[in-house]
Amino acid sequence: MRQLTALDAQFLSVESATTATHVAGVAILDPSTSPSGALTREALLALLRERLHLAPPLRMRLADVPFGLDRPYWLDDPDVDLDAHVHETTLPAPGGERELAAYVAGVHARRLDRARPLWEAHLVHGVEGGRCALYIKVHHCAIDGVSGSEILTALLDPSPQPRRVEAPPAPPAPASPQVPGLLAMLAGAITRSIVQPVEALCSLARTAADLDVIPVVAALPDARLVAQAARALAGDARPLPETPPLVAPRTPFNGPISGEREVAFGSVPLAEVRRVARAFGMGPNDVVMTLCASALRRWLLAHDALPDRPLVAAVPVALRSRPSAGAGGPSPDAADGRVGNRISAMITPLATDVASPGERLAAVRSALAAAKRRFAVSHRTWLDDVCAMVPSAFAALATPVVFRLAGVAGAGVNLIVSNVPGPRLPLYLCGARMLAYHPLSVVTDATGGISITCASYDGRLDFGVVACPSRLPDVRSMIGHLREAMDELLALLDDSPDDPAPHGDAPLAPPREEHEPRQRRAPAISSATASGSM
């Protein structure tokens with residue numbers, strides 16, 4: 001048993017009638033490769049019972065401190081009622097991507113039940129082409145991008161034949177009750193309230209050293225000078241690398257959001273991304289960020305809403321150890337049963353104000369390189385430190401209000417763009433081959449009514465876009481714009497028959513560089529969209 005960190009607890013506090021803070025993924029599956037030719041709920045339940053010990057976040061539940069005086073605790077729940085977490089449905093005909101997205105959007109909009117372990121799985125039948133889908137969502141207070149990938153990997157196999165998984169050792173008899181008593185919880189809350197001002201001051205000192213790269217406050221006058229002075233006082237005299245301005249412009253998808261959600265799915269061949277990266281001597285993540293920048297620019301132009309300043313994106317960066325290669329290889333963090341987040345964030349402009357595709361690609365690369373240099377000398381815990389400055393009893397009440405006011409007053413960032421590591425080889429669930437995996441993230445009042453997440457898998461880059469329809473009503477068009485952006489970059493190579501050698505610019509947060517076979521271009525990007533209400 002352990003207590004949630006300030007950052008983990010903040011993901012709980014952010015939730016409101018219009019905001020849900022779970023992350024999710026949609027796996028598209030081909031059941032014809034399974035021994036029975038089908039994927040059933042019973043088979044999925046059996047798999048979960050066998051491997052639940054490999055995915056600690058799926059068996060942990062919250063124990064709240066009375067009156068919300070302190071952060072909750074994580075409790076291991078060895079008797080998870082899987083029947084209450086695993087659902088099954090069949091799409092209405094024709095079972096196309098629109099119908100799938102409609103179902104996913106409705107489920108993604110609903111908050112999780114905090115009385116149980118914070119996850120749900122939905123097995124969806126009737127997907128056209130004889131396919132099915134698995135949607136899994138887990139609360140963001142329990143996982144980040146890397147640990148979320150580990151959960152999926154724990155359930156998947158490298159071949160249609162499920163691998164053998166050793167049963168967990170019998171747990172030792174607890175010497176004392178796992179759940180802390182009322183008096184113990186209150187005593188801990190009182191102790192924390194006494195030391196919290198000191199912890200807040202320490203967090204403030206660390207945060208001041210990165211004042212020039214924190215959303216909103218980075219726009220304050222002399223933020224960079226304050227950051228440099230704070231570092232000098234801490235004994236760090238290194239000059240701060242230059243960073244571009246981080247003032248987010250106002251856009252239609254920034255402002256108060258509703259409880260409804262729309263989702264869209266799409267994919268591009270990873271070989272195309274790598275080809276562009278090689279040709280221009282950059283990392284694949286530079287290309288991915290340029291795709292997002294170009295798609296956003298196209299959407300804003302279509303709605304006569306393109307600002308004259310570049311959009312500003314928050315890019316989550318994993319601080320967690322990488323998982324082992326192959327299916328079922330947990331990281332050291334997963335192996336010892338820890339849950340929660342080990343992430344930071346880089347803030348970077350997206351060059352949406354640059355009209356030329358080639359110049360936009362170069363501008364995005366330059367901005368990312370500057371953000372990486374700055375991140376390398378930053379206190380990577382600034383996200384935790386900001387959360388730690390708010391007393392626990394105050395955070396649960398104040399955070400939704402603060403986020404709402406931030407949406408009304410102006411954006412700190414325009415959106416979140418995330419690139420999630422994924423395996424290079426095909427994987428199987430209960431024998432059914434996973435054809436694609438589309439990650440889905442969070443939208444809030446303060447971070448924008450759209451989030452774009454992508455994952456590399458088996459030679460593809462699979463996108464998942466989540467939006468609030470009151471801020472961005474036609475999210476499906478964003479998938480089309482991503483395909484157009486990819487075509488735009490490929491067109492730049494038409495006059496360059498020989499691609500230059502790869503350049504040593506490492507990607508930001510995606511998986512390690514991997515050799516991928518070259519593929520023929522897909523004729524079009526697949527897409528889907530729908531809405532749901534919380």
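I take patches as groups of residues with over 30% relative accessible area and no salt bridge, like charges being joined within 9 Å and nonpolar side chains (Val, Leu, Ile, Met, Phe, Trp, Tyr) within 5 Å. A salt bridge is a side-chain nitrogen of Lys or Arg within 4 Å of a carboxyl oxygen of Asp or Glu. Accessible areas come from the Shrake-Rupley method with a 1.4 Å probe, and for residues only the protein chains shown count as cover.

**Ground rules.** This is a predicted model, in which local features need pLDDT of at least 70 and side-chain atom pairs count only at pLDDT 80 or more, while totals for chains, interfaces and linings use all residues. Residues are numbered from 1 along each chain as its sequence is written, and side-chain values use heavy atoms, with hydrogens and water left out.

**Patch.** I looked up I190, I194 and V195. They form a nonpolar surface patch with about 280 Å² of accessible area together. V195 sits in helix α6, residues 182–208. Helices (H or I, at least four residues) and strands (E, at least two) are DSSP runs, numbered from the N terminus. V195 is partly exposed at 34% relative accessible area. I call a residue buried under 20%, exposed over 50%, and partly exposed in between (1.4 Å probe, protein chains only).

**D385.** This residue lies in α12, residues 382–388. D385 is buried, at 4% relative accessible area. Its side chain makes a polar contact with the side chain of R206 at 2.9 Å. Such a contact is a pair of N or O atoms within 3.5 Å; within protein, one must be able to donate a hydrogen and the other to accept it, and residues adjacent in sequence count only if both atoms are side-chain atoms. Neighbours within four places in sequence aside, D385 is in contact (heavy atoms within 4.5 Å) with S203, R206 and T207.

**Sheet.** I traced an open sheet of 6 strands, ordered β5-β6-β7-β2-β13-β12, with mixed pairing. β5 (86–90) and β12 (428–429) stand at the edges with a single partner strand each, so one side of each has no neighbour in the sheet. β2 (22–30) and β7 (131–139) pair antiparallel over 8 bridges; strands pair if DSSP finds at least two bridges between them. H22 has H139 of β7 as its bridge partner.

**Helix α8.** Of the 10 residues in α8 (270–279), 8 are buried, so the helix is largely enclosed by the rest of the structure. Among them are E272 and R274. The buried residues pack against elements including β8 (260–269), α9 (284–302) and α14 (476–491). Just after α8, G281 takes a positive phi of about 60 degrees.
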